[in-house]
Amino acid sequence: MKVKYGAAWVGLTAAAMAAATACGSDGAKTAAETAGRAVDKADTVMAALTRATDRTQELGSAEVRTTTDLGSGEPVAMDGTYSWGDGYALDVEMDAEAVQMQELTDSPTVRTLFVDGAYYYDIDPQPAGPLEGKEWMKIDGSAVFGESGAAAMAGGAGEGSPADSMKGLKYASDVDDLGKETVNGKPTTHYRAVLDEKDMGKFKDAFKGADSMLNSGGASITMEVWVGADDLPMRLKQDFGAMTVTMDFDKWGATKDIVAPPADQVGDLTQEVKDAGLQQG
């Protein structure tokens, strides 16, 4: 079912983000001293990531270029607005053929909204069925992640957003500073963090649903963040097993409001998708 694949993929763009050694003048350090330096470095990294998380949360929205590589073909691009100041929402364009929705629209791209826990796809009116005469197709997040996973992804505080991914960094079991790099023409510091399954907290249900649907086989999430001089992320990369999601942030704050389409223009396929077997509990 081609609609099923598209819904599953969009649901995942959500969503769900080392130690140092040193030598002294005598060529040796005690284990305690080395461990202390490692802790100091980790604390410095976490302080930088905390500043970046706070700035991200504060600004509430961003214009983002997202690339999702499912490990089974060409990466899929999504460009548009992500908002988390008043609940998580997005308004993006994605390639129709790449997400196997070309039979639902003559446009080369599909505008996709996520509002109040549901996905909306801008399609051509269909001749029959639940999409007959409708401009939009709706799929509730519960059809993709299950009830508990959807609740984690679409809570009132913006869970599932880039800001919430950044907040997840504080639970990482392993962090490192990988040095200075230029991203999109601007200087950044490159950080890496690893979140094991035990670190995922309330997002564990959503992650399990995504992992099961795509057979990515990941038991942890590796997050890489490139932070600019203003303490804002320039790039965020997340590896979920075989799937990799990369976000490049072009503009912060003051983005357009995101609202659901008029109800009379929407055909709801939530139950059809659940019946097709996407739901993960």
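I started with Arg-192, which sits in strand β8, residues 186-196 (helices, H or I of at least four residues, and strands, E of at least two, are DSSP runs numbered from the N terminus). Before going on, I noted that this is a predicted model, where local features need pLDDT of at least 70, side-chain atom pairs count only at pLDDT 80 or more, and totals for chains, interfaces and linings use all residues. Numbering runs from 1 along each chain as its sequence is written, and side-chain values use heavy atoms, with hydrogens and water left out.

Back to Arg-192: I found it partly exposed, at 34% relative accessible area (buried is under 20%, exposed over 50%, partly exposed in between, with a 1.4 Å probe and protein chains only). Leaving aside neighbours within four places in sequence, I listed the contacts of Arg-192, among them Asp-174, Asp-176 and Glu-224 (contact means heavy atoms within 4.5 Å). I also checked Leu-49: its C-alpha is 9.9 Å from that of Arg-192, though the two are 143 residues apart in sequence.

Next I looked up two positive phi values. Asp-116, not a glycine, has phi of about 50 degrees. I placed Asp-116 in the loop between β4 (109-115) and β5 (118-122), and it is exposed at 73%. Asp-231 has phi near 65 degrees; I found this residue in the loop between β9 (220-228) and β10 (233-240), partly exposed at 25%.

Last, the cores. The largest nonpolar core has 52 residues, and Tyr-82, Met-101, Tyr-121, Met-137 and Ile-139 have the most contacts inside it (a nonpolar core is a set of buried Ala, Val, Leu, Ile, Met, Phe, Trp, Tyr and Cys residues joined through side-chain atoms within 4.5 Å). I noted a second, separate core of eight residues, including Leu-113 and Ile-258.
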